[in-house]
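Subject: Two-chain model, handover and notes

Dear colleague,

Below is the model I said I would pass on. My notes follow it; please read them with the structure open.

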Amino acid sequence: MLKIDGLKVNYGGIEAVKGVSIDVPERQIVTLIGANGAGKSTTLRAIAGLVKPAAGRIHLQGEDITGLSPDHIVSRGITLVPEGRRVFPDLTVLENLKIGAYLRNDSLEDDLKWVYDLFPRLKERSWQAAGTLSGGEQQMLAVGRALMSRPKIMMMDEPSLGLAPLVVKGIFDIIKEINRQGVTILLIEQNANMALRVADTAYVLETGRLTMSGTGDALLHNEAVKKAYLG
Amino acid sequence: MIQKKSKKGTFVALGCIILFLAVIVLLENLGLFMDNVPKLLKPTSQLFVVLKKTAVYALAAVSMNLLTGFTGLFSLGQAGFMLLGAYTYAILTVPMANKDQVYYAFNGSAVKFSLPDLFGGVDTVAGLVLGVLLAIILAGIVAAIFAWFIGLPVLRLKSDYLAIATLGFAEIMRAIFQWQKLGPVTNGANMINKIPTFANFNIENAAGKVVLRLSTFVPFLLAIICIAIIVLLINSSYGRAFKAIREDEIAAEAMGINLAKHKRMSFCISSFFAGISGAMFAMFVNNAQAKPFTTNLTYEILLIVVIGGIGSITGSCIATFLYVACSEWWLRFLDSQTMIGDFQVPLLRPGFRMVVFSIVIMVVVLFFRRGIMGNKELPDLFKGKRKEAAK
């Protein structure tokens, strides 16, 4: 569905991503694990159009989307849940969700109901300012906001960042549920253990290059991965 | 159910506005029906000067708030766009009969038409209403067009740098409009006067006696219509996008909001209404000249926005009234020497008003950190109370 070929991205003068090729098949959960500064976030930002790639091509369902602006990429069905959640703190939960659907002109009723069914907590707090939510609720809102654009692929940047283990488990359950309902997911995580457990396919990224790939299960039991990322 | 509630809110707001306008008309015309009208309600009273100035400044403040408070773009070019509006209005509305007199230094005007005259002249209802209305709208459009071009380079800048660049633009505008070479259009360093003003809207009978005063009603009607349009915009999906940009540019971009396009849109719309308020300013002071549109004017409006609350429309309106009333009216007595019996009250002398005024502003800013209203609107306050009462 999403095919990335030899992606190179320069970031502040240095080459952060040095030729990455990833294949994201439809309806799968694909994860990209790696240490800090391996180039995971930069890869996602390049796919989302927030930074321009220096080389390489990105194809979505056969269409070349390399170098398109973020609004065009969102309207083609790729959405990003940014690192650190980044909800709009002074806007209400409902307003945050509506901004997620900004590029759509049709009725939002069904999607609002869908998001509220996934996250009943958000419905209770729909009139509250997003900045007053807890970290876990803000992550739910960030996911809900991304789902409001009715994406084909949802990319998630470190959804477990700064959350309690129990909350993280809840978030990953939701990710699986969303995937089961037909949304393809590209997930990057430092919490490799959690990510590999849910992933169908996984890639290991080291200083801008892919070093390993395989099914989530295979990597989970791979000695090198165990040593480097699972401890 | 939620929708029903907001519909009710709209009716209440509409009712309040109509009531408010009715009170304005009544206040203005009380002098016509009663012989012994209090001094306050005489047409020459300070009250009406303050009210007219409030209407003009409120629109300027709200338009600045749209940019600063709702889109998070800190621009100090307000005076420049008001100047554009004021000049556009004045140039287009000087009646043909007055042109030679106004442009005496340049042997007449290069603009060979006058909008009110196209519709039958300033003295006819159609000429006045259509001509003035068209000129006001064009004033806004000219300001918006300039904003579009200025925005191309300037909107790439952020926060303080944007403020400095727009400040520079406003100063350049002021210099250009005083340029002698442009005299046939802008009347150079001279003012353009003898233009239709708010007083022209007073209805007179055949003998030339005023039968219905509308000179305060008209600026309020104009300001309220413009502010209502801004409020509708802020509550639309565009308004939500503006707020998202204010809160977090990167997240907004990731949600598919085109930053450059929306920033430019907000900048142009804000300038459009600044241009209209500039045209109203020209009507208020009966002339257009570059002198009042200094950085000082921008700071005055910025002060109003900050005092009222960045991100609150009603806050801006309330702050405008308080600011204008304090500076023009309520603190006037501080400027005149006062005797109580044989005792001369110390400190009261010309200029003391500004000292007290500055202290008042400092106190307000100290005790209301986020302005009078914060980022809440007036109806929110009632809503909060009702909710608490329900508990």
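Two strands are said to pair if DSSP finds at least two bridges between them. Strands (E, at least two residues) and helices (H or I, at least four) are DSSP runs, numbered from the N terminus.

This is a predicted model, in which local features need pLDDT of at least 70 and side-chain atom pairs count only at pLDDT 80 or more, while totals for chains, interfaces and linings use all residues. Residues are numbered from 1 along each chain as its sequence is written, and chains are lettered from A and ligands numbered from 1 in the order in which they are written.

The sheet in chain A

Four strands of chain A make an open, antiparallel sheet, in the order β2-β1-β4-β5. Its edge strands are β2 and β5 (63-64), each of which pairs on one side only. As background, strands of a sheet pair through backbone hydrogen bonds, either parallel or antiparallel.

Going through the pairs, strand β1 (residues 2-11) of chain A is joined to strand β2 (residues 14-24) of chain A by eight bridges, and the two run antiparallel. Within that pair, A:Lys8 has A:Lys18 in β2(A) as its bridge partner. The hairpin of β1(A) and β2(A) has two residues between the strands, and A:Gly12 takes a positive phi near 60° there. β1(A) is also joined to strand β4 (residues 55-60) of chain A, by five bridges and again antiparallel. Here A:Lys3 stands opposite A:His59 in β4(A). Finally, β4(A) and β5(A) run antiparallel and are joined by two bridges, with A:Leu60 opposite A:Glu63 in β5(A).

Chain A as a whole

Chain A has 10 helices and 10 strands. Its radius of gyration (taken over C-alpha atoms) is 17 Å, close to the 17 Å that the globule rule gives for 231 residues, so chain A is as compact as a globular protein of that length. The globule rule is 2.2 Å times the number of residues to the power 0.38. Along the principal axes, the C-alpha atoms of chain A fill a box of roughly 45 × 40 × 30 Å.

Of its 231 residues, 45% count as buried. A residue is buried if 20 or more other C-beta atoms lie within 10 Å of its own, exposed if 12 or fewer, and partly exposed in between, with C-beta atoms placed from the backbone. Two residues are in contact if their C-beta atoms, placed from the backbone, lie within 7 Å. Among contacts in chain A between residues at least 6 apart in sequence, 67% join residues at least 24 apart.

One residue to look at is A:Leu186, in strand β8 (residues 184-189) of chain A. A:Leu186 is buried, with 27 other C-beta atoms within 10 Å. Leaving aside neighbours within four places in sequence, A:Leu186 is in contact with A:Val24, A:Val30, A:Ile153 and A:Met155.

Chain B

Chain B has 16 helices and six strands. The box filled by its C-alpha atoms, taken along the principal axes, is roughly 60 × 60 × 50 Å. Of the 391 residues, 42% count as buried.

Helix α2 (residues 46-70) of chain B has 25 residues and reaches 33 Å from its first C-alpha to its last, close to the 36 Å expected at 1.5 Å a residue. The expected span is 1.5 Å times one less than the number of residues. α2(B) bends by about 30° at B:Met64, the bend being the angle between axes fitted to the seven residues ending there and the seven starting there. Of the 25 residues of α2(B), 21 are buried.

Helix α12 (residues 259-285) of chain B has 27 residues that should span 39 Å, and its end C-alpha atoms are 38 Å apart, which agrees. In α12(B), 20 of the 27 residues are buried, so this helix is largely enclosed by the rest of the structure. Just after α12(B), B:Asn286 takes a positive phi of about 70°.

Where the chains meet

The contact takes 22 residues from chain A and 16 residues from chain B. On the chain A side, α2 (70-75) and α3 (93-100) are the elements that give two or more residues.

Regards
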